[in-house]
Structure formats: structure tokens, C-alpha cells
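Dear colleague,

Here is the structure I said I would pass on, with its sequence. My notes on what was found in it follow below, and I would be glad if you could read them with the model open.

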Amino acid sequence: MKRYLLGDIGGTNARFALAEEGADGQPLVFRHKANFATADYRSLEDALSRFLSDIQRPPLDAAAICAAGPLLSEGGTDRIRMTNCPWDISSGAIAQVTGCAHPRLMNDFTALALAIPELPADALHAVGDGVAEAGRPIALLGAGTGLGVASLVHDGARYIPVPGEGGHVDLPVTDEFEIEILRRFMARFGRVSVERVLSGPGLVSLYEVLGELRRRPVEVGLTPEEVAAHAGDGSCPIAVEAVSFFCGWLGSVAGNLALTLWASGGIYIGGGIVPGWVSSGSGLFDEAHFRRRFEAKGRFAEHLAGFPVHVILAEEPAFFGLAAAAREASR
């Protein structure tokens, strides 16, 4: 049996697990899952040391960790300086803490992209119609603390993950009212990336800006969960509208990504927000609105109508991709 240390580090939470894989095709099992708040620890090394101590430091065959930020190579060491967390993560520090000579470090959406071929069919929720073309590019995006983007391309034998920072491209606008929203966001932030809207903090900003534009009083300082709750119970029309704009803008951005990559292999939505809305049955994710905006690409609308979109519902889906990377590293 082989044991792999897995870590999925987001802006808010650090999730760890021990993956065990038996011989002769025995299924992968995730054990000792733990979730730590990043704000409670000075560094990944501190949090990782705590996790390994909690599970009595078992022998490891490999380690794979992903984090929310671009992967850089400095002096032969892979490093991620996280975008929405003060942690500075390096493969050298991971090796020192885990005892694994060659740990894998990658962007969080690279790990999620690696997971897509590993996910069971019942872990996916289809949004509209469309049939995937085998061997064609696959696109992935997801909103949480930030907005992650990645893709998969086929080399003739297998899919290769391609990391990206598409959450930081410019926010697209499609009508006069969205231009007014953009102006308000520009007054707050200067340049406006898609992450400024399509993220947890972005949903809060969108709620506040819509309150200003509609000249309706709104609560200041709400959490993304509170905005979503007000939308879900219908108690605040501005919150309902904010969620609607969020779904529509996500559709536009997903459609742009699909066109850029010609992702007829499928578009997958991960992250902490939309999968949570779908799995809870809250009805917050307006699939029809998302799909209209996804396909609203002029002369290419008919093409995009045939592209399948799925929401990833698996718990800790990045663990599947990290386990695949750790398995390869242990060979």
C-alpha cells in the first residue's frame, strides 16, 4: 500500500488528507481529512506540521500540494506566493516537513483540472445540453475566495493540465447597466478584473454597488454567505439581483473561455460558491440565465450551444487530482 500526503490550500482554508492506494487496482481511499483556517497559522509549514502530528506522522511515499496562486520557479525550487493569503509556499519547505524528496507543488486549479478525468459521473451536474468531443480541450473555472481558471489539452495519449490566471483578465460588459456597474467598481478598485465580481468578496461588492445604483439601502459588511442567504429567502431584492448578475457574468466569462480554448471537450465549474449552491438545492444558481449568457456570442452562439457544461459536486475534488500527481511522483 502507498500513502500520499495531499494539501489543498485556498485563501481561507487549508485542507489536508492522507490518500491510501492498495495494489492490484484497489480503489483510492482518503483518510484523516482536516480543514484548518489559514488565518490561524503563520505558514504552510506550521499547519502541515500540525496535521502530520495529529495523524502521528505515518511514512509517506509522496506528497502533492496545491495553492491558490501562480507557480513560479526560483533557483530550482517551485514556489507559490498566494494571491489571497500571506503564505509563501515552496517545494523545499514541503520536502523538509514531510520527508518526501520530490513533492509536487501546483496551482489549485491545476490540481482540479487533473481531477476531472478521475471524477465519477455522479459527481457532476450538467447545466443545459451539449455533448463533449473526445480529445478536445477542456476548460475549468470556479469562484471562491478568488476566481480560478485552468484547462486540459490532449497530447494524443492523455490530458495535460495547463495552469492559468484567467481570474485576472478584464471584466467583460455587455450592456449599458453593466457599464454603470463597471464604473462603480472602477471607482473602488481602479482596474477591474473578473475576480472583482466573480468571487465571494466580489458578490459582496456587487451587492453594495447595486444598492448604490438602485438607491436602495443595503447592509454594509455582510459576508458572501449572508448575501446569498438574503437572496435565497427573498428577503432582499438587491441580494437577489446581485446573485442573478453573478450567474450571468459567470456565464459570459465561461463562454469567453470556451471560445478562447475552443473547449468542445467540456466546461467545468468548480470553486466554493456555485457547487455549494447547486448541491444545497437552494436554487441560487440560475442555470438558464447562466446558459443564455454562455451562449450569447453572436455568430458563434450555435457552436456554444453544443458545448457541455458541468458543475463539479464532489467534496474536495482537488484531492483526486493531487492523488494522481502524487501517484506519478512516487513511480
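The protein has 11 helices and 14 strands, where helices (H or I, at least four residues) and strands (E, at least two) are DSSP runs numbered from the N terminus. Please keep in mind that this is a predicted model, in which local features need pLDDT of at least 70 and side-chain atom pairs count only at pLDDT 80 or more, whereas totals for chains, interfaces and linings use all residues. Residues are numbered from 1 along each chain as its sequence is written, and side-chain values use heavy atoms, with hydrogens and water left out.

Taken along the principal axes, the C-alpha atoms fill a box of roughly 60 × 45 × 40 Å. Buried residues make up 51% of the 331 residues, where buried means under 20% relative accessible area, exposed over 50% and partly exposed in between (1.4 Å probe, protein chains only). Among contacts (heavy atoms within 4.5 Å) between residues at least 6 apart in sequence, 66% join residues at least 24 apart.

Leaving aside neighbours within four places in sequence, Trp277 is in contact with Leu203, Ala228, Val243, Phe246, Cys247, Ser282, Gly283, Leu284 and Phe285.

Next, the pockets. A pocket is found on a 1 Å grid over the protein atoms alone, as an open set of points where a 1.4 Å probe fits, with protein on both sides within 12 Å along at least five of seven lines, and its lining residues have an atom within 4 Å of a point. Grid points are joined across faces, edges and corners, and a volume is the space filled by probe spheres set on the points.

The largest pocket has a volume of about 1200 Å³ and is lined by 49 residues, with Ala143, Gly144, Thr145, Gly271 and Gly272 nearest its centre. Several elements each supply at least two residues of this lining, including strand 2 (13–21), strand 10 (138–143) and helix 5 (200–214), while the largest share, four residues, comes from helix 8. The lining divides into 18 nonpolar, 23 polar and eight charged residues, where Ala, Val, Leu, Ile, Met, Phe, Trp, Tyr, Cys and Pro count as nonpolar, Asp, Glu, Lys and Arg as charged, and the others, Gly among them, as polar.

The second largest pocket holds about 520 Å³ of space. Of the 22 residues that line the second largest pocket, Leu114, Arg158, Tyr159, Pro161 and Glu328 are the closest to its centre. Helix 11 gives the most to this lining, with five residues, and by class the lining has 13 nonpolar, three polar and six charged residues.

Some single residues also deserve a look. Ser264 lies in the loop between helix 7 (237–261) and strand 13 (267–270) and is buried, with a relative accessible area of 1%. Not counting residues up to four places away in sequence, Ser264 touches Val131, Ala132, Glu133, Arg136, Pro137, Phe307 and Pro308. Glu133 is found in the loop between strand 9 (124–126) and strand 10, and at 42% relative accessibility Glu133 counts as partly exposed. Glu133 and Phe307 are 174 residues apart in sequence but 8.6 Å apart in space, C-alpha to C-alpha.

Finally, a point on the backbone: most residues other than glycine have a negative phi. His32, in strand 3 (residues 29–37), has a positive phi of about 55° although it is not a glycine, and Arg57, in the loop between helix 1 (44–54) and strand 4 (62–67), has a positive phi of about 45°.

With best wishes
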